[in-house]
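Please keep the sequence and the structure in view while reading.

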Amino acid sequence: VEPPCMRFFLCCAAARGVAGRAAAERIEVWSADAAVRGVVEVPPGSFFVANRAKDLAQRRVASAAEFYAERGFVPASATIALRDDGGVLVSTRLRAFAGVRTTGRTRPSTIARRLGLATGATFAWRPERWRRVAAEFFASPGQPRAVVDPDGRVALDLSGLQERAFRELGCEIGDRLELSAADRNLAGLGLCAQAKWANGSAVASLGEQNRWSLRYDDRLALSLGSDESAHRTALPATSRRAATLTLRRDAATLRTTRAVANIYASTRLVCDARPRASVVVGARLGRLTAVADLNSAALRLKTTLDLKLSRALSVFATRDDAALAAGATLRYGPLCCDLQLDHLRWAKPRFSLRLRDAALPPPSS
């Protein structure tokens, strides 16, 4: 496959043919891609002879290569040629994409699709997409290695990166027994399949991270947008936005989240036979996180305090009009142990213990 070729022209804006010379007010750079267009100013009244045009074009060859490289392309070659009208043609050839090389469980086509790359099309590297792919599929951050094949195309070599663990098993013991299992990379396609069983009832879901999910408990629900875990109250180090629309046969739920620095805000709107809304606002001060949750259905205010004592241990307390809960989270390697004691006004105290993957949010989120 011949790699695609991008061309842009250096043309005289006000050309006048005078013995092989042309006077110009400016030189314009034309391209089919609007992002490639630019303007090179020339002093008014100056003469733009053919030799000067070629010298300028040679400098533009280098700047064109830099232009494409800064935008994630890989230039292969650039040529220049004088036009009959005194302009200069600069042709820049960009390398095409050959595919992904990986030895892990994830299919190469899955990685390429998440990166927005197609075999035979122009290779364009997008760092923001790679950050999302690395966080989803790989255990530690790193950069893939770009390899130029003998045919001139670019391949991504991921064999040096270690994939994360995708299969998870969970068990919660308290007033009931709860078993859970998940595969977050089903058949290497990047799909997440989860199943949970508790007290004779089962819940199953299938979806693609931050895109869509199907969930079935007693009813079928379709969610579009970010995963529910993106709305957890754990404040990120950088800004974060998330939106999720969930559709059921008799209800629709819209949830949005915005987090900037140490401030967190989330809204939830439920449209069914009794519409209601809730607002969650949180803030972090050092190791202490405070969250306030206002629910319009019962005009109930729920407050939560979370104190991180060390990298391995944190404690929390939650209080509202009906219950008081306290607990601790202990982290050891890739596992977390959640201990929680709930005290309800109309029931006996309840104790629960849960083992989970450290990458998953706690059950109280």
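A salt bridge here is a side-chain nitrogen of Lys or Arg within 4 Å of a carboxyl oxygen of Asp or Glu, and a search of the whole structure on that criterion finds 16 salt bridges. The model is predicted, and local features therefore need pLDDT of at least 70, while side-chain atom pairs count only at pLDDT 80 or more and totals for chains, interfaces and linings use all residues. Residues are numbered from 1 along each chain as its sequence is written, and side-chain values use heavy atoms, with hydrogens and water left out.

**Salt bridges**

- Glu208 and Arg211 form a salt bridge in which the closest N and O atoms are 3.8 Å apart; Glu208 is buried at a relative accessible area of 9%, whereas Arg211, at 36%, is partly exposed.
- For these labels, buried means under 20% relative accessible area, exposed means over 50%, and partly exposed lies in between, with a 1.4 Å probe and protein chains only.
- Asp342 is joined to Arg350 by a salt bridge with a closest N to O separation of 3.4 Å; Asp342 counts as buried at 10% relative accessibility, and Arg350 is partly exposed at 36%.
- Through salt bridges that share partners, Arg113, Arg114, Glu136, Glu208 and Arg211 are joined into one network.
- Arg215 and Asp217 also meet through their side chains in a salt bridge, at 3.9 Å from N to O, and here Arg215 is partly exposed with a relative accessible area of 38%, as is Asp217 with 23%.

- Strands (E, at least two residues) and helices (H or I, at least four) are DSSP runs numbered from the N terminus, and two strands pair if DSSP finds at least two bridges between them.
- The pairing of E8 with E10 is parallel and spans 4 bridges, with Phe97 standing opposite Val154 in E10.
- Strand E9 (residues 145-148) runs antiparallel to E10 and is joined to it by 4 bridges, and the bridge partner of Arg145 in E10 is Asp157.
- E9 and E10 form a hairpin with 5 residues between them, and Gly152 in the turn has a positive phi of about 90 degrees.

**The largest nonpolar core**

- A nonpolar core is a set of buried Ala, Val, Leu, Ile, Met, Phe, Trp, Tyr and Cys residues joined through side-chain atoms within 4.5 Å; the largest one has 17 residues, of which Ile111, Leu115, Trp130 and Leu156 touch the most other members.
- The elements contributing two or more residues to this core are strand E8 (97-101), helix H2 (108-115), helix H3 (127-137) and strand E10 (154-157), and H3 gives the most, with 4 residues.
- Contact means heavy atoms within 4.5 Å; not counting residues up to four places away in sequence, Leu115 touches Trp125, Arg129, Trp130, Val133 and Leu156.

- Leu191 is found in strand E13 (residues 191-198) and counts as buried at 18% relative accessibility.
- Leu191 and Gly207 are 16 residues apart in sequence, yet 5.5 Å apart in space from C-alpha to C-alpha.
- Beyond its neighbours within four places in sequence, Leu191 is in contact with residues including Asp183, Leu206, Gly207, Glu208 and Trp212.
- Ala187 is placed in the loop between strand E12 (177-186) and E13, has a positive phi of about 55 degrees although it is not a glycine, and is partly exposed with a relative accessible area of 43%.

**Thr329**

- Thr329 lies in strand E24 (residues 323-332) and is buried, with a relative accessible area of 13%.
- The side chain of Thr329 makes a polar contact with the side chain of Asp338 at 2.9 Å, a polar contact being a pair of N or O atoms within 3.5 Å; within protein, one must be able to donate a hydrogen and the other to accept it, and residues adjacent in sequence count only if both atoms are side-chain atoms.
- Leaving aside neighbours within four places in sequence, the residues in contact with Thr329 include Ala312, Leu313, Cys336, Asp338 and Arg356.
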